[in-house]
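Please read them with the sequence and coordinates open.

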Amino acid sequence: MSWTDERIETLKRLWDAGKSASQIAAELGEGVTRNAVIGKAHRLGLKSRPSPVKSDAQASAKTGGTAAPAKKRTRKKKPADDRVTLLDLTERMCKWPYGHPGDADFHFCGKPSQPGLPYCAQHCQEAYQALQPRKDRRNRPPRII
């Protein structure tokens, strides 16, 4: 596929008419892809258009439109009872679960975690226990959890 003068004029006309890159590619045919249309439009310096993926408020805020700018996302605050939910967790918080995931009061520890580990110091002691030597384990009854 080569960009002839006729194809370039068609591209410019359809671009100015507001057709999508996919629609332009389909009309040009003969192996012209959506990405080829976007690349050629960029190289020709055609007027950029807002992304169809972004909301109208975000697009017009970026282009200087009159729509209100998109609200900045804020982190949800911890509930008053200091229970950490899945949405509150960060990579530096203890992920030790309390309760059953289906219960309304299910939550996580949330204390600062040990570097490189998912749990706080207290829960690391519980989660990572050293194995006792073999002869000592034989005489003990099995541990039931």
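Predicted model: local features only at pLDDT ≥ 70, side-chain atom pairs only at ≥ 80, totals over all residues.

1. Helix α3 spans residues 34-44, and its buried residues are V37, G39, K40 and A41. The cover over these buried residues includes α1 (5-16) and α2 (21-28).

2. On packing, the axes of α1 and α3 come within 11 Å of each other and cross at roughly 90 degrees. Angles of 65 to 115 degrees count as roughly perpendicular, so α1 is roughly perpendicular to α3. On the α1 side the contact is made by I8, L11, K12 and W15; on the α3 side, V37, K40, A41 and L44 take part. By class, the residues of this contact of α1 with α3 divide into 6 nonpolar, 2 charged and no polar.

3. The largest nonpolar core has 11 residues: L11, L14, W15, A21, I24, A25, L28, V32, V37, A41 and L46. Two or more of its residues come from each of α1, α2 and α3. The helix that gives the most to this core is α2, with 4 residues. In soluble globular proteins, nonpolar side chains tend to be buried together.

4. L14, one of the residues of that core, is in contact with K19, I24 and E27, leaving aside its neighbours within four places in sequence.

5. Another core lies apart from the largest one and has 6 residues, among them C94, W96, Y119 and C120.

Key: Residues numbered from 1 in each chain as written. Heavy atoms only, no water. Buried < 20%, exposed > 50% of the residue type's maximum accessible area, 1.4 Å probe, protein only. Contact = heavy atoms within 4.5 Å. Axes fitted to C-alpha atoms, helices over the stretch in contact; angles between N-to-C directions. Parallel < 35°, antiparallel > 145°, perpendicular 65-115°, else oblique. Nonpolar A, V, L, I, M, F, W, Y, C, P; charged D, E, K, R; others polar. Core = buried A, V, L, I, M, F, W, Y, C linked by side-chain atoms within 4.5 Å.
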